[in-house]
Amino acid sequence: MKRTVLALVAAVVLGLAFAQPSGTLTIAQQQDPQSWDPIDTFYLAWGMIGSSIFDGLVHRGLDMKIGPGLATSWEWTDASNTRLRFHLRKGVTFQDGEPFNAAAVKFTFDRLLGPEGAKGPQQANYTSIDHVEVVDDYTVDFVMKSPDPVIITKLAGYGAMIVPPKYVTDNPPETFNKMPIGTGPFKVTEYVPDDHLTLVANPDYWGGAPKVAKVIFRFIPEPSTRVAELQAGRADIVQGIPISLADTVSKTAGVKLDPVGSPTVNALRFNFCKAPTDQLKVREAIAHAVDSQGIIDSILQGYGIPIASFQSSMSLGYDPNLKSYSYDPELSKKLLKEAGIAAGTPIGIDFIGTDATFREVAQAVASELQAVGLKPTLATHETNTYYNDLVPKNTVGNLYYSGWGGWTLDFDNTAYLLYHTKQFWNPCYSNAKLDALLEQERGTYDQAKRAVILQQIAQIEHDDLIDLPLYQSKNLWGVADRVQGFVAPADDRLDLTTVSVGN
Amino acid sequence: MLRYLIRRLFQSIFVLIGITLFVSFTIRLSGDPAVAMFQGASAPTAEQLATIRKALGTDRPFLTQYASFLGGLLHGDLGTSFRSGQPVAEEVAHRFPATLSLALAALAISLVLAVPLGVLAARRHGSLSDLAIRVFSLLGLSFPNFWLGIMLILIFAVRVRWFPPSGYAGPASLVLPSLTLGLILASTTTRLVRSSLLDVLGEQYVTTARAKGITEQRVLYRHALRTALIPVITFVGLQFGALLGGVVIVEQVFAWPGLGSLALNAISFRDYPMLQGTITVLAIFIAAINLLVDLSYALLDPRIRYS
């Protein structure tokens, strides 16, 4: 009897010991976002780490579905959808011991929507919220300024991560930028810019303590070096493996390649203000000349997914029945002839020069356009100049690259910003019917109805050939065999709570 | 000597103003940091952009912005980074040791290789070892630094695992990046040491020294090499600037958190204060190195005096 009791005690003690977080996980990622304040950033590199430090009221899981986060439930309090009520999780504390409550939620959104938030890029996503009211310690109301059917999804976004009022107020802004505190599963203990950031497990995490004790994120801009770190056994998880190194990783012992479909889609947009792509027939001819499946098979080595509109299958508004234009060079030549396009007509293709994969894609597209008698010229640009200057001012060629993540996983984000008349990145295209549909879907909270309208928008995009969707990207991760429980996230927001490391 | 020093320092101030003016002006031509902040992920309205520009201070006329930068510089304040919100002077000070240690280690490697190899090649002029040394230096000249860096990683970090592939953690991590820069610099320096020594060895005073019966060792090291090193030091001094340029690429390849990666990120984010601050510090540094180079001539050649 005594022995049994002793054995039981030993088992319990050992069990407890094993339940403690243990081991160190090293992750190599490309970029250091430099500021950890959620309202300052749009970098995916922030999301990779920020999601382990902070929580939002709602949480987007690895299945990309929205579920409870720091709020356990929510509902509209009125039929006209002007007041959105959240019931908050009790007994949650920030990593510095500060309590999480309704005041913290109000503080977070006052800061985001006020002068502090106006200095950063995230405020622009939350302008539909007028203000937040505290109902009681664990209940808040979001009072809406304008209808926003994507609001729940947005509250899982970077800008809506809940921050600790006392820590933020008591310290200068650069302290929070460097040593952020949230309610998340891991706590920052060290940050050396452009070198590494160290997290340790938060044993009091409301969702249960993580399995791994320490996570070191290393910032390594060069992909070959990241892969070398994986091969040398010094990194356990490596993000952003280029297609050219996929084979190397697959063949490395003790390591596996983990491809995951990302929400990022890649397309060539048509310039409607430049001849000859102002003609539908020419756009159709170009669409039939390009073999996007061939591009996926050869250049992307299969690490791409075909798409027929400028959204991934994860997006609300995705229509599986929509088919892309067939690859038919003969039909393309016929259409060009009908449109009266002479052989050797120049077609300018503009894209970002640093993207080695897309450079090859653009070259393939150019050779296919040449094959149907056009004369393509390729022009490359630097990322910021391209998106912030050339595209908004429409100083690009007939076809120009666009890569779009659509962080809300809702076609509204892409379609409104790229197709609605006179939007920042749409200096040229205008379609009254499409504008009306966009306004309509923004005005209703009925998601089924919105999905139908968004599919109609995708149909117009397809029929009018606003752009030529090429493929949905697959993100390639390299993972050491000693890592268990890791799921490569589609949106780059790592969930490390279930990850553990062996020897 | 003192008058010379004051004159040189005075010149350096004008050089600095020229460089910072040029850098501040050109980065402002390359794009708006307020728009860059959105990363092409969300479309800002004109009003939002105006608020951000006001907060960053980029809504003011260029000369006002530049004047406030110069004013701050006099107090050692290089402004606040647009991206990280940290004081620029602090970040630059944190990064400076990383870049300096890399540059100095590369310089040391290059000299340790170049001087003996150059001397050997000059002494055995026309021999097989001279040919081998010239081939080595030609190879070094033809390697782009990022390629050489990746090759060194693959051999010494992945295959034999003697050194870490990247990072800034202890002396071991310094080996591969400094070797990448040092080998390339050594190749040009070796050629220069060789040709400079060959020239000097042909001079009359060397012949005289030999005629006086002085040993060849003494002729070489006591008489010829000192003179031969003057152009080498000029070259190395000038190369220091180029070396810091090479550091930008090598820091990227080896994830070395120095001024090179800081400047590169500042450019891509249009972080005006950070770029201005980094370039100013590098410019002061290069100006100081050049001054030291000029002063060192007097130590090597007693005929050179500054007044």
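## Terms and model

A polar contact is a pair of N or O atoms within 3.5 Å; within protein, one must be able to donate a hydrogen and the other to accept it, and residues adjacent in sequence count only if both atoms are side-chain atoms. Between domain 1 of chain B and domain 2 of chain B, five residue pairs are in polar contact, both at pLDDT 80 or more.

This is a predicted model: local features need pLDDT of at least 70, side-chain atom pairs count only at pLDDT 80 or more, and totals for chains, interfaces and linings use all residues. Residues are numbered from 1 along each chain as its sequence is written, chains are lettered from A and ligands numbered from 1 in the order in which they are written, and side-chain values use heavy atoms, with hydrogens and water left out.

## Chain B: fold and domains

Chain B has twelve helices and zero strands. Helices (H or I, at least four residues) and strands (E, at least two) are DSSP runs, numbered from the N terminus. Along the sequence the pattern reads α-α-α-α-α-α-α-α-α-α-α-α. The C-alpha atoms of chain B fill a box of roughly 85 × 55 × 30 Å, taken along the principal axes.

Chain B splits into domain 1 (2-88) and domain 2 (95-300). The bounds come from an automatic or database domain assignment. Over C-alpha atoms, the centres of these two domains of chain B are 32 Å apart. Domain 1 of chain B brings 28 residues to the contact, and domain 2 of chain B brings 21 residues. Contact here means heavy atoms within 4.5 Å.

Domain 1 and domain 2 of chain B bury about 2,300 Å² between them, 73% of it on carbon and sulfur atoms. Buried area is the accessible area (1.4 Å probe) that two parts lose on being put together, summed over both. B:Arg8, B:Ile27 and B:Arg83 supply 24% of the area that domain 1 of chain B buries against domain 2 of chain B, more than any other three residues.

The two domains of chain B share zero salt bridges. A salt bridge is a side-chain nitrogen of Lys or Arg within 4 Å of a carboxyl oxygen of Asp or Glu. On the side of domain 1 of chain B that touches domain 2, helix H1 (2-29), helix H2 (33-36) and helix H4 (62-74) of chain B each give two or more residues. H1(B) provides the largest share of that side, twelve residues. By class, this side of domain 1 of chain B has 15 nonpolar, nine polar and four charged residues. Ala, Val, Leu, Ile, Met, Phe, Trp, Tyr, Cys and Pro count as nonpolar, Asp, Glu, Lys and Arg as charged, and the others, Gly among them, as polar.

## The interface between chains B and A

The contact takes 44 residues from chain B and 43 residues from chain A. Chain B and chain A bury about 3,600 Å², and carbon and sulfur atoms give 55% of it. Across this interface, 14 residue pairs are in polar contact, both at pLDDT 80 or more. H2, helix H3 (46-56), helix H5 (88-123), helix H7 (145-159), helix H10 (216-253) and helix H11 (259-269) of chain B each supply at least two residues of the side that touches chain A. That side of chain B has 22 nonpolar, 16 polar and six charged residues.

Side chains of opposite charge can pair when their charged atoms come close. The count between chain B and chain A is two salt bridges. B:Arg270 and A:Glu382 meet in a salt bridge at 2.7 Å, N to O. A:Asp194 and B:Arg95 meet in a salt bridge at 3.1 Å, N to O. This pair runs between chains, from A:Asp194 in the loop between strand S8 (186-192) and strand S9 (196-201) of chain A to B:Arg95 in helix H5 of chain B. Over all chains, the count comes to 26 salt bridges.

## Chain A: fold and local geometry

Chain A has 17 helices and 19 strands. Its C-alpha atoms fill a box of roughly 95 × 60 × 45 Å along the principal axes.

The peptide bond from A:Ala275 to A:Pro276 is cis, with omega near 0 degrees. A:Pro276 sits in the loop between strand S12 (255-270) and helix H10 (280-289) of chain A. A:Gln301 is not a glycine, yet has a positive phi of about 50 degrees. A:Gln301 lies in the loop between helix H11 (292-298) and strand S13 (304-305) of chain A.
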